[in-house]
Amino acid sequence: MPSIDRFVPIPRLIEQHHVDVRAPAERAHGLRRRLDLRDSGAVRAVLALHGFLSLRGQAPRGWQRFTLDDLVQRFELGVLVDEPTCFLAGAAASPRTRDLAIGLEIRSSPLGERASRLTVEVRVS
């Protein structure tokens, strides 16, 4: 079961993308820091609501990319899991519960010895 299921059990919005790569899962997961999150429609919508991007993914001047580190810093997301094959960050819906208003999970799964699937999932409750 993905880690995000524990934190956003009944989402209103789910967006999931994956890419298969020629690399072991641990190595593929290291690529997560270099993903440009503007490729995700859900991430673009959240960023547009906060004035960081247009809905078309156009960034303010000077921004070449919008990475995972940018997202965590600008939205002050809490990092809940940071393991070799899974990363989970989110923002709480309430300080009294562990449920998240928004969760982002990036996980890698082996597809044999030399290949893996890198999956990005965004959930909004």
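A: In this predicted model, the second largest pocket has 10 residues in its lining, and those nearest its centre are His 17, Leu 35, Asp 36, Asp 39 and Val 120. Its volume comes to about 190 Å³. Two elements each give two or more residues to that lining, namely strand S1 (13-21) and strand S5 (116-124). Of these, S1 gives the most, with three residues.

Now over to strand S4, which spans residues 100-110 and holds Ser 108. Ser 108 has a relative accessibility of 6%, so it counts as buried, the cut-off being under 20%. A polar atom of the Ser 108 side chain sits 2.9 Å from the backbone oxygen of Ala 25. Leaving aside residues up to four places away in sequence, Ser 108 touches Ala 25 and also His 29, Pro 84, Thr 85, Arg 117 and Leu 118.

Last stop, another pair of strands. S2 (residues 78-83) and S3 (residues 86-92) run antiparallel, and five bridges join them. The link from S2 to S3 is a hairpin, made through two residues.

Key:
Residues numbered from 1 in each chain as written. Predicted model: local features only at pLDDT ≥ 70, side-chain atom pairs only at ≥ 80, totals over all residues. Heavy atoms only, no water. Helix = DSSP H or I, 4+ residues; strand = E, 2+ residues; numbered from the N terminus. Buried < 20%, exposed > 50% of the residue type's maximum accessible area, 1.4 Å probe, protein only. Polar contact = N/O pair within 3.5 Å; in protein donor to acceptor, adjacent residues only side chain to side chain. Contact = heavy atoms within 4.5 Å. 1 Å grid on protein atoms, 1.4 Å probe; cavity = no way out; pocket = protein on both sides within 12 Å on 5 of 7 lines; lining within 4 Å. Points joined across faces, edges and corners; volume = space filled by probe spheres on them. Pairing = 2+ DSSP bridges.
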